[in-house]
Amino acid sequence: LQRRGCPMRIEREYHFYAAHRNQSLDGKCRNLHGHRYGVVVVIEPERTRAGITMLFADIDRVVGPIIAAHDHALLIDKNDPLRKALGLQTKMVVFDQETSVENLAKSLYEQCAEAGLPMSEVRVRETDSSVVIYDFEDYFQDRGQRQ
């Protein structure tokens with residue numbers, strides 16, 4: 001992995017609604033609840049001689065289906081007993097771990113990067129005052145830990 005040296009970045013904003021819970025926590029976040037998530041995808045595209053980088057529509061073709069898969073879904077840990085109780089009739093996005101906003105940011109970044117976007121960072125807003133930023137350095141570090 002090598003970070004692109006291009007100083008120009010492009011941001012594209014999305015949002016979706018989803019429910020989740022974090023069963024390992026005490027308090028209100030242990031209960032099933034929902035959010036209107038705000039997602040900002042930041043890319044570092046290559047520039048052509050004409051100064052063109054990437055069309056917003058090109059970004060949407062990659063990110064749109066990822067966001068659509070999460071919209072009005074239940075984000076759920078694969079080990080959550082609620083997953084089995086709800087069965088297949090509920091739209092779910094299954095995580096390998098808790099469905100924290102940190103893990104959501106990581107997952108969204110990985111999906112965009114693996115789909116070919118030259119990612120810089122993803123910012124996920126869970127509430128009006130709470131944002132998690134997952135960037136290239138996080139991705140690079142996490143990939144190194146998996147190898």
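A: Val-93 lies in strand S4; helices (H or I, at least four residues) and strands (E, at least two) are DSSP runs, numbered from the N terminus. The model is predicted, so local features need pLDDT of at least 70 and side-chain atom pairs count only at pLDDT 80 or more, whereas totals for chains, interfaces and linings use all residues. Residues are numbered from 1 along each chain as its sequence is written, and side-chain values use heavy atoms, with hydrogens and water left out.

Val-93 counts as buried because its relative accessible area is 15%. Buried means under 20% relative accessible area, exposed over 50%, and partly exposed in between, with a 1.4 Å probe and protein chains only. Leaving aside residues up to four places away in sequence, Val-93 touches Ala-69, His-70, Ala-73, Leu-74, Leu-75 and Ile-76; contact means heavy atoms within 4.5 Å. The C-alpha atom of Val-93 is separated by 29 Å from that of Arg-9, 84 residues apart along the chain.

One of these partners, His-70, belongs to helix H1. His-70 is classed as buried because its relative accessibility is 1%. Besides Val-93, the residues that His-70 touches include Phe-16, Tyr-17, Ala-18, Leu-75 and Leu-104, again not counting residues up to four places away in sequence.

Helix H1 itself covers residues 56-70, 15 residues in number. From its first C-alpha to its last, H1 reaches 20 Å, close to the 21 Å expected at 1.5 Å a residue; the expected span of a helix is 1.5 Å times one less than its number of residues. H1 has a kink of about 35° at Val-63, shortly before the proline Pro-65. The bend at a residue is the angle between axes fitted to the seven residues ending there and the seven starting there.

Ile-59, Val-62, Val-63, Ile-66, Ile-67 and His-70 are the buried residues of H1. An α-helix has 3.6 residues a turn, so residues three or four places apart point the same way. The cover over the buried residues of H1 includes strands S1 (10-20), S2 (33-43), S3 (73-77) and S4 (92-95), together with helix H3 (101-114).

The packing of H1 against H3 has an angle of about 145°, and their axes are 10 Å apart. Here Val-62, Val-63, Ile-66 and His-70 of H1 meet Leu-104, Leu-108, Gln-111 and Cys-112 of H3. Axes are lines fitted to C-alpha atoms, for helices over the stretch in contact, and angles run from 0 to 180 degrees between N-to-C directions. The crossing of H1 and H3 is right-handed: a crossing is left-handed if the near helix is turned anticlockwise from the far one by less than a right angle, and right-handed if clockwise.

His-72 has a positive phi of about 55° although it is not a glycine. Its relative accessible area is 58%, so His-72 is exposed.

Cys-112 of H3 is buried because its relative accessibility is 3%, whereas Cys-29 is partly exposed because its value is 31%. The count of disulfides is zero, a disulfide being a pair of cysteine sulfur atoms within 2.5 Å.
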